[in-house]
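Q: Could you walk me through one part of this protein, the open sheet, and show me how its strands are arranged and what lies across it?

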Amino acid sequence: MRAASLVVRSVRNLTDAELVLPARGIALLGPNGHGKTNLLEALAYPVLFRSLRGARDREVARFGGPGFHVGLVREDGLAIAVTWDAAGGRKRVTIDGADCPRITDALGHWLAVAFLPTDLALVQGGAAERRRWLDRMLSLAHPAYLGALLRYRAAVAQRNAALRRHDGPSAAAFDGVLAASGAAVLRHRLDWVATAGGAWREALDGLGEPLPVELRYRGASELVEPAAWEAALAAQRERDLARGQTHVGPHRDDLALGLGGHSLRRYGSTGQHRTAAIGLRLLEHATLQAARETTPALLVDDVFAELDAARQDRLARRLGAMDAQLVVTAPREADLPDALEVARWHVRDGTIRQG
Ligand SMILES: Nc1ncnc2c1ncn2[C@@H]1O[C@H](COP(=O)(O)OP(=O)(O)OP(=O)(O)O)[C@@H](O)[C@H]1O
Ligand SMILES: [Mg+2]
């Protein structure tokens, strides 16, 4: 899956533009603060119809502007467009010109995996970081996962609201939907973990990490059976009521990451954390590619500079071999490994110079 063109209007500091993207991709060079990540944010916006930095739509819109517009045409001609209007705070998504009132129906038409400097948090941060990553990835990979996740989140929220009112019977009314949707969420996650560990190890081996990595699911995996929920919920009912929250279920789970038999988070070096995080993004790419039977684009934001020369070179070769459209950013040409064979573009004060 490749983007043939991208239209940006009133996005951050970017000058309004219609960019024709080479099939292999580009390296975008430019000084700090001139708009490199902003372009990646625009390219990634039609993946989940939200900012890849987790920013609010208001922040994506140019200061003082009317909102923003991103239009992406795939190489097969499919057009995805999104307009956010600041006055009404509304988002309009169209696919080939037809309105798509539910954003969940628009997912999957454009797939890209972003490698960000902030990805270190996937390894160094708390469980919530890894759950968010897992949920976004599996939601894009499997529409059924997104459906189950949304039902589950709604059930947890409503159940917690009843618990905070100390209304046990109303809270218990959500136990059935909690069990059904929670078991479905867990089933998808466990199925994914069953093969993900091997793929992650293989990715890191390819990046030159000599120690073996392990990826395990941390949570009550017996809850994959809806029938197991009744007893688990009963055992926590007092605590749930006392604290006003649900203590059972996949919204509390984590992925345990290991390196050479020890906790990667506690014992790994910063460079190992960085490499492991890149490996997680490669795993995300492989997951989406397998589930959607198409090759997502790769958006790589200033990630090379933090790696030693050998890892840089291995990553560049790996990315090059994936046959994906590749958009890489770096402040200077010297920050890019020689093995990266894509056209060089430049950005200055938000204006992109092609070729
Ligand atoms: N909503 C906005 N409207 C206008 N300009 C904005 C908006 N949000 C951010 N900017 C500007 O965008 C610039 C940052 O762009 P960006 O994050 O793409 O930089 P970058 O080229 O990736 O830099 P670095 O190399 O430091 O990562 C800053 O000058 C900032 O003031
Ligand atoms: Mg940047």
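A: Let's start with the order of the strands: six of them form an open sheet, E8-E12-E13-E3-E14-E15, with mixed pairing. Strands here are DSSP runs of E with at least two residues, helices are runs of H or I with at least four, and both are numbered from the N terminus; two strands pair if DSSP finds at least two bridges between them. At the edges sit strand E8 (112–115) and strand E15 (351–353), each pairing on one side only. Neighbouring strands of this sheet are turned by 20° against each other on average, direction ignored. Axes are lines fitted to C-alpha atoms, for helices over the stretch in contact, and angles run from 0 to 180 degrees between N-to-C directions.

This is a predicted model, in which local features need pLDDT of at least 70, side-chain atom pairs count only at pLDDT 80 or more, and totals for chains, interfaces and linings use all residues. Residues are numbered from 1 along each chain as its sequence is written, while chains are lettered from A and ligands numbered from 1 in the order in which they are written.

Now look at one pair inside the sheet. Strand E3 (residues 25–29) and strand E14 (residues 343–348) are parallel partners over four bridges. In this pairing, Leu28 has Trp345 of E14 as its bridge partner.

What lies across the sheet's E8 and E12? Helix H11 (residues 270–292) lies across E8 and strand E12 (297–301), and H11 runs at about 180° to E8. Contact means that the C-beta atoms of two residues, placed from the backbone, lie within 7 Å.
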